[in-house]
Structure formats: C-alpha cells, structure tokens
Amino acid sequence: MKSKSTEIAKAAIKLAVSTREEEKRLIKEFEKKNIKSTAVDIGGDLINSIPTIIERALVASKKTGIIREEHVYEGAVAGATKDAISQVDSKAMGLNFGGKIGIARYGEHLVVCIFISIGLLHLNDLAIGVGHRSIPPID
C-alpha cells in the first residue's frame, strides 16, 4: 500500500457509506489485504447518542478482532470516534439522524468514519467525519 493511513481511511469511508450487502463484500475484500474492518448502524438525537455511538464502535471493534480489550486500543477507538463525531456535530446538533460507522485497521493505523443523514422535515442533509489513530500492532 502506498500510504497506509490514506488507504485505511478509504476502507473505513467505503464501509460507512455502503449498503449491508456491499458491506459484507467489502469486509471480505479488505480481509484479503490484511485490513480488519467492521461497520455498525447508528441513529437518534446526536447529543444524546454520543455515548452510544462510541460504545457501538468499541463493541464492534472488539467483537471483530480489530482491537484487543486493552486501555490503549479502546482509547484509540473512542478517540477516533469522538474526532469523527466532532466533524459532523455542528450540522446535526439537536436534530435526528441515521447512519453508519465504518472502522478499518491495518497494522498501526486505525480509522473510524461516521456517515450520517440528518433529518429536517423532508429536507435531509448529509455529513461525514473521519478520525485516525496510530496504535501498537496486535501480534
């Protein structure tokens, strides 16, 4: 891979904007390239949903083997997720949203992407945010 962090960011973004069928195919594709990945649906009122979003990212990351249940890994996922949320929160503040988180990891590069559709009557808006962390590789 040319730029690992860029390639991993692309993987997380693709997962976040994918349908469920596309997601399954992408995860298998990434697996062949030694990229661990997962995605999880999110939604609700953004401010009240922040703890749930971070929790879902953590649970999905542990469940799929992207990270181990250790402080440094959990902190990296939580921090990258919080960074991604902070990039979309000004658009979604006080409004309901639905979307997906894409998470990808290769070696020391971990990327979390959040893609949301924000409901405002019949006028939906879209937002995307990406967070990156560098963490120790898992042996």
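Valine 40 is buried, with a relative accessible area of 16%; buried means under 20%, exposed over 50% and partly exposed in between, using a 1.4 Å probe and protein chains only. The residue sits in strand 1 (residues 36-45). Here strands are DSSP runs of E with at least two residues, helices are runs of H or I with at least four, and both are numbered from the N terminus.

Beyond its neighbours within four places in sequence, valine 40 is in contact (heavy atoms within 4.5 Å) with Arg20, Arg56, Gly99, Lys100 and Ile101. Its C-alpha atom is separated by 9.1 Å from that of isoleucine 53, 13 residues apart along the chain.

## How to read the values

This is a predicted model, in which local features need pLDDT of at least 70 and side-chain atom pairs count only at pLDDT 80 or more, while totals for chains, interfaces and linings use all residues. Residues are numbered from 1 along each chain as its sequence is written, and side-chain values use heavy atoms, with hydrogens and water left out.

Four strands make an open sheet in the order 1-2-3-4, with antiparallel pairing; two strands pair if DSSP finds at least two bridges between them. Strand 1 and strand 4 are at the edges with a single partner strand each, so one side of each has no neighbour in the sheet.

On to the next pair: strand 3 and strand 4 (residues 125-134) are antiparallel over ten bridges, and isoleucine 114 stands opposite glycine 129.

## The nonpolar core

A nonpolar core is a set of buried Ala, Val, Leu, Ile, Met, Phe, Trp, Tyr and Cys residues joined through side-chain atoms within 4.5 Å. The largest one has 28 residues, and Ile101 and Ile116 have the most contacts inside it. Two or more residues each come from strand 1, helix 3 (46-63), helix 4 (71-92), strand 2 and strand 3, with helix 4 giving the largest share, eight residues.
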